[in-house]
Amino acid sequence: MSDPAGQPGRVPTPDAGHPDRRPERPIVDPPPPPAKALAEVNGRFLDPATALTVAGVRPRSTVYVGSRIVVGSSRDPHQVLGELQRIADPLGWNVSLDDKFNASRVSWRGSDVESVGVSRFDITVKSGVASVAPDGWVLLQQARGQLGLEAMRGVGLDHVLFPAVIGSNPIEHSNPIEHSNPVDSYAQMGWGGRQPVAYVGQRPNRRETLDRRRPVVGILDTGCARHPWLDDIVKKDVTLDGVVIGYPDADDFTASGGDQVGPLDGGIDPLAGHGTFIAGLVHQACPDADIVSWRVVNSSGPIVESDWIDTLVKVAELVRRHAFGEDGGHPIDVLNLSMGYYHETPDDALLFDPVLRQILELMGKCGTVVVCSAGNDATARPLYPAAFAPWPDDNGKVQSPSSVLPIVSVGACNPDGTVALFSNAGPWVRTYQPGALVMSTMPPYQGGLEPMARTTAFGQVREALDPDDFTQPDPDHPGRVIGGFGLWSGTSFAAPRLGGLVSKALLPLLPAVGASDTPADAVARGWKAVARVVAIEPS
């Protein structure tokens, strides 16, 4: 996708200057997620209509781990623990530090932030009493009401994030006629839902050697399965001092056929193949890029914020070490985050914990461009971390400090270039990339569905289409199957497209292997790459 000047990826905000633009339209909250998704992480849906409130706090809907509180590294966890326990006593609850959660910390040289990370508190019912179920929101609001808002700065909910993907399970979306909402049409096979596709072209042309180091794209997602396009370029074993980042990647994708969670119905899991699909999109946009994949999402989807932040801190430490030439680092020029959450108090800076933003911005100071999907709820409500991207000023210009690379938010386009109906939008979405019915790599899954018809004639098997068979014959080993290709939709897939374009723009700017490099150099070339593909200017 190009703008009139021929710069790929630069697309104006939809409806800008259009006579039908209605900026006064109310921002609608997305509906609560399915109960089974909440149950996997002990999740709760915060309903503003019934939520406990205190003066000065206007809650919005969000999803969070019910019996937990998180505390940012700017606070002394033991002091906060004492304050919360005093509030919890009359409620019949105990508050305890989660010792099993080995919270990571990273210290940043040359920064006014000493360290970044979170601690977790569990809330349980006291022995010998009967009480309502412990609830992090109730405890937090009681503490704010009794101790004041300032006393609870840096204390917040442990949010639940969801990957931004549409059309996850053909069993759940069998008939487009049943769906009256046009957004739901994207979930149907043939309309944008996950489905196999035959790709008959050549693989992207990757040069064997370069006169400089390759750009590196980091992906935090469901991991990456084996695939002919990706086997030689995706690293899945990058650790921090031998400590696994995210979940161990056991490469068990093919053993289960993509069905690891949920009902025993043979249906491929909602997010099975998500990370492999994203890696393929990066490879198509920038074949010369190296990819690092970390598995931080299971195949059912919900992601606990504290676990995710802990992973981000480890990745940030790799980035910091590389930037300052220390042992044990690894370059990450672009980081793809195809997930997000809605914060319950985004308009109150005092209550909006800064930990996540600090981690991403400090990576930006070391030369990493963070690309975030905008979400699939067809709302203008800001989704985080995407909404940390720079917003337009009063003159319509989008600027960000030149000393740090900006976070870039990405919405999704249809194949014809229009904005996909499911895509979130608004002044916080910086660009739009193809994200509806896009083609990419899939693991060799063969789900439980079967072709509608099968017969034999002239010694050959004849079948209708198999709606969830993503295998293809291995041309080098007859009788063996390998990963194939699929079509899928979501802003999850617009983000890696943009990340690949940024990597492609970075390629001629990167230093030779072994050449000296500094954080300032990395930020300067990152800005050149970002400015080429997104309408953001350094200030």
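Reader: Where is the place of Pro385?
Author: This is a predicted model, in which local features need pLDDT of at least 70, side-chain atom pairs count only at pLDDT 80 or more, and totals for chains, interfaces and linings use all residues. Residues are numbered from 1 along each chain as its sequence is written, and side-chain values use heavy atoms, with hydrogens and water left out. Helices (H or I, at least four residues) and strands (E, at least two) are DSSP runs, numbered from the N terminus. In these terms Pro385 is in the loop between strand E17 (369–373) and strand E18 (399–400).

Reader: Is Ala378 buried, partly exposed or exposed?
Author: Ala378 lies in the loop between E17 and E18, and has a positive phi of about 55° although it is not a glycine. Buried means under 20% relative accessible area, exposed over 50%, and partly exposed in between (1.4 Å probe, protein chains only). With a relative accessible area of 43%, Ala378 is partly exposed.

Reader: What phi does Asn42 have?
Author: Asn42 lies in the loop between helix H1 (35–39) and E1, and counts as partly exposed at 36% relative accessibility. Asn42 is not a glycine, yet its phi is positive, at about 55°.

Reader: How many salt bridges does the count come to?
Author: Side chains of opposite charge can pair when their charged atoms come close. The rule asks for a side-chain nitrogen of Lys or Arg within 4 Å of a carboxyl oxygen of Asp or Glu. By this rule the number of salt bridges is 27.

Reader: How many residues apart in sequence are the parts that Asp135 and Arg44 tie together?
Author: The side chains of Asp135 and Arg44 meet in a salt bridge with 2.8 Å from N to O. Asp135 is in the loop between strand E7 (118–125) and helix H3 (136–147) and Arg44 is in strand E1 (residues 43–46), so the separation of the parts they tie together is 91 residues.

Reader: How far apart are the closest N and O atoms of Asp310 and Lys314?
Author: These two are four residues apart in helix H5 (residues 305–323), which separates them by about one helical turn. Asp310 is buried, at 12%, and Lys314 is buried, at 10%. They form a salt bridge, with the closest N and O atoms apart by 2.6 Å.

Reader: Which residues are linked with Arg320 in a network of salt bridges?
Author: Arg320 is buried at 8% relative accessibility, and its salt bridge with Glu326 has the closest N and O atoms 2.9 Å apart. The network links Arg320 with Asp241, Glu317, Arg321 and Glu326.

Reader: At what angle do helix H7 and helix H8 pack?
Author: Two packed helices are described by the angle between their axes and the distance between the axes. Here the axes of H7 (residues 491–506) and H8 (residues 519–533) are 8 Å apart, and the angle is about 125°.

Note on methods:
Axes are lines fitted to C-alpha atoms, for helices over the stretch in contact, and angles run from 0 to 180 degrees between N-to-C directions.
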